[in-house]
Each structure stands twice: as C-alpha cells, then as structure tokens.
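Here are some exercises to work through with the model open beside you. Try each task yourself before you read the solution.

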Amino acid sequence: MSGWYEQAFRQVLYPAYESGLRRRDTLSWLSKYETDQWLSPGGIADLQFRRLKSLLDHCYREVPYYRRRWRELGITPDDIQDMDDFARLPTLTKADIRENFQDLQASSWRSRLLFKRTGGSTGEPLELGYTRESYDRRMAVMWRGYGWAGARPGRRTLYLWAGNVGTPGRAHQWKDRLYNAMFARRVLNSFEMTETNLASYADAIDRYRPDIIVGYVGPLAQLAQWMVATGRRVHRPESVIGAAEALHPFQREVIGQAFGCPVYNTYGCREFMLIASECDHHHRLHVNADHLVVELLGEDGTRVRRGTGEVAITDLSNYGMPFIRYVNGDLASTSSEYSCPCGRGLPLLDRIEGRVLDAIRTPDGRILPGEFFPHMLKDVRGLSRFQLVQRQLDRLELSIVRSEGFDDDSLAYIHRETARVLGNQVTLECRFVDDIPLTRSGKRRVTLSELA
C-alpha cells in the first residue's frame, strides 16, 4: 500500500465512510481547525473566549450542577468578562462528577448523550457523557495534531498500543481487521512485550513497513533500547509519535536513534482525547486552545503564570455533559516561549510532568506499562478505586475499594485477565479496603513499584 491509497482514502473512502455512512462532521471540523490554527495568538484567544462565553451561558441555563454552584458563589455568566474572571469559578473533580453525575448533564441533552469510561490513571475509573458533535470535533483535533507529525488519514501506521481485554468474538475480530485494513494501520499489543520477544516486534515492523509509528512511550523506549544495544535495524518510518506517557529527553533520544527519524511528543487523556502536541519544529507542545481551555493551577488554586501547576481543562464543545475547569490530576509546566517558529497562534506548554505510571516487572523479563491495569480494570463492575503495589518480582498486591455490583465474577475476571498477560509466574493477591491513601503530593498512585 503506497501513496496512491492514502490519496484515495483521504479523497474518496474516508469522506464516504465518515461523512456518508457514519454521518459525522469530522472532516468539516478538521477543515475549520486547520484554518483556525493560523490565527494570531490574540485571534485564537478571542475565538476561545467567545466559545467559552457561549458554553458558560448554556451551563447556567441547562446544567443544574453549575447553576447551583455558581449561585452559591454569587456568580453569573455575565460576571465573566475575561479569563481572570473565569478563574473565579470552582474547579471540577472526579469526586464532584461521581456525586453529581445526573446534575452535570444538560437538560436538553439527557436522552441523547453518549457515554464512555476512563481507565482511571489515579485508580478511579470514571464514567462521562459527551455529545456526538464533541466527539467529531475531538477526532478532528486529533487528526490535526497527529498530522503535524505526518500521520494523516490513510497513511500506513503501526500502533504499539493496548490490546483487547478479554477474548473478543469472531465478529469483533473480523470487524477490527476490516477497520484497521481500511485505515491502513496495524496494531501490536504492547502489553505482551517482554525482554525475550522484542525481536518479534521488530520483525512485525519490518513486515508492515509503516510510514508512521504511534505508541505508548514506555514500550517504544524499551524496544528502542534493545534495538540500539543489539544493533537491530528496522524499516525506517517517517516519524514516531509518543503518547499516553510523558516523553523524557533520554527516551526521545534513544527512540530517535533506534528508528532513525524524528520523535513527536503528545499529551492527551481519555476525557478529552488530544490536548496538546508538537509540530515539526519540536518547539514545545501546541495547546489546542481553539478547542479547549487549559489552565495550570498552583496549590492554592490560583493560576500559574510561570512554572509547574496542576492541569485544569474545559472542553468548549461538549454541551451535553460539560466539564468546566476539570482537574485531571496531571502536572504540566508553562513554556518560557510565547510562539513557535511554525507560525501557529496556538499557545505552548513546556512539558508534562507527573504522568509516569510505575511499570510492573516479572521474573520472565516482562516490563508491563503502568497503563495496563487502568485499561484492564476500567470495565469491572463495582470497582470504585484500586492500587497495585509490587514489592517482589513474583507477587503483586491489588487493593480494591468495592461499590455496589462487585461480585465473584468481577474478582474472577481480574485474576483471569492478569494471568492471561502475566502468566503463572506472578501471584496476584487481591484485598478489599475501605480507602486508598493519597501520596504526599495529594495524588493516588495507580501502580506503585517498590523494587530496587
């Protein structure tokens, strides 16, 4: 498959599928966002604030939670005249969402919302609602950001990503194969990577010959380190995109050395998809400020102008279950630069901190990314919170806070899926607790390794 397929996919197949068959507006939104990115910084700030004001008016009219909270504080949308006024509004936490799940849904959207669950990188899976338009716009923003690294629709792309949890049926497997073939992509399960099977991943890359590789940073770095150490070469892609974990300079260097191409950093989360990404100048992360409001907050809740703070995000397009100043538990640092040589008016973040989940190691040399357990546990009924601790190579301790719905089948599923990935060399001890303490930084660690 070559350039002719990419052109055919982008011009004929993808529009027929996305706009025709699925009746989604992804491509029209992508066109708008492609134009918006070239506005001046002031133009983007004006566009962002107009969209924010419309959202706040909507929330006050139709979302009981915000109307009640803002009235308690004596604030109305008319009082929000600039971003400093906006910072007076309270933040939204995962606990707020769980306790006010119905009241956070807009009255006119209650019967039309779509729902999904996050993996809970802080050990607390979260259900959230969204509108079809907001999903289309998130997909458009994702294609724009990945496009800066050359990952356009229809390009031959290999994903080093999460595999299916459980055993999907034949119909599901067939659908996945057809979908991936149409989109010219191949998915390798990063959760099955061990120190002894790295050659098979390199072989798969050589066989597929991707233009782009997208993957979790940890597995990408592990494969790259092995390639450099052994002198193994693979088909050279045009670029590698790191996702789901913070990309550290030493990881970028070894990945670039191994694959012989530029490495791109991205930042996203399941609640909003792509938040920020690098362009080909690699001059910090461009924030999708025409689609989201991203703030950094200090310990006292005030805005951080320079330095590191907790990320608070407002989705400007989800009118069904709006998240206003949602704190997702991540830390990020502001950029000392105001602009990028590329000319885009989108503001910049320096780097993402505090998103690195501890990897789990096993006696057979397996290094399992910390994302595995949030991914596997997100759909377990009745699981409120969890924390996995490793103190020995052959033993894992899973603390579980149960809620209604957790039963013997839930526990059996956890043991079965863990054994399927880790084998019988590792014992999983599950224990039920009333609470999981916060770390000194005020966060819950979903996976915690105490191995030297």
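Predicted model: local features only at pLDDT ≥ 70, side-chain atom pairs only at ≥ 80, totals over all residues.

**Exercise 1. Work out how helices α1 and α8 are arranged.**

Solution. Two packed helices are described by the angle between their axes and the distance between the axes.
- Step 1: Take the distance. The axes of α1 (residues 3-21) and α8 (residues 170-182) come within 11 Å.
- Step 2: Name the arrangement. Roughly perpendicular covers 65 to 115 degrees and roughly antiparallel starts over 145, so α1 and α8 are oblique to each other.
- Step 3: Find the residues that meet. On the α1 side they are Y5, F9 and Y17, and on the α8 side Y179, A181 and M182.
- Step 4: Sort the residues of this contact by type. You get six nonpolar, no polar and no charged.

**Exercise 2. Are the rings of Y17 and Y179 stacked or edge-to-face?**

Solution. The model has 24 aromatic pairs in total.
- Step 1: For Y17 and Y179, the ring centres are 6.2 Å apart and the planes make 65 degrees. Planes over 60 degrees apart count as edge-to-face, so that's the label for this pair.
- Step 2: Trace where the partners come from. Y17 is in helix α1 and Y179 in helix α8, 162 residues apart, so the pair links distant parts of the chain.
- Step 3: Compare with the accessibilities. Y17 is buried at 13%, while Y179 is partly exposed at 29%.
- Step 4: F406 sits in the loop between β17 and α13, and F432 in strand β18, 26 residues apart.
- Step 5: Step back to the cluster. Ring pairs link W4, Y5, F9, Y14, Y17, W143, Y179 and F183.

**Exercise 3. Which residue lies over the face of W109?**

Solution. 
- Step 1: Go to the ring of W109. R112 lies over its face, 3.9 Å from the ring centre.

**Exercise 4. Is S190 buried or exposed?**

Solution. 
- Step 1: Find S190 in the loop between β4 (185-189) and α9 (198-208).
- Step 2: Read its relative accessible area, which is 0%, so S190 is buried.
- Step 3: List its contacts beyond four places in sequence. Among them are L160, W161, A162 and Y201.

**Exercise 5. What is the phi of A244?**

Solution. Most residues other than glycine have a negative phi.
- Step 1: A244 has a positive phi, near 75 degrees.
- Step 2: Locate A244 in the loop between β6 and α11.
- Step 3: Repeat for M273 in strand β8, where phi is positive and near 65 degrees.

Notes
Residues numbered from 1 in each chain as written. Heavy atoms only, no water. Axes fitted to C-alpha atoms, helices over the stretch in contact; angles between N-to-C directions. Helix = DSSP H or I, 4+ residues; strand = E, 2+ residues; numbered from the N terminus. Parallel < 35°, antiparallel > 145°, perpendicular 65-115°, else oblique. Contact = heavy atoms within 4.5 Å. Nonpolar A, V, L, I, M, F, W, Y, C, P; charged D, E, K, R; others polar. Phe/Tyr/Trp six-rings, centres within 6.5 Å; stacked < 30°, edge-to-face > 60°. Buried < 20%, exposed > 50% of the residue type's maximum accessible area, 1.4 Å probe, protein only. Lys NZ or Arg CZ within 6 Å of the ring centre and 35° of its normal.
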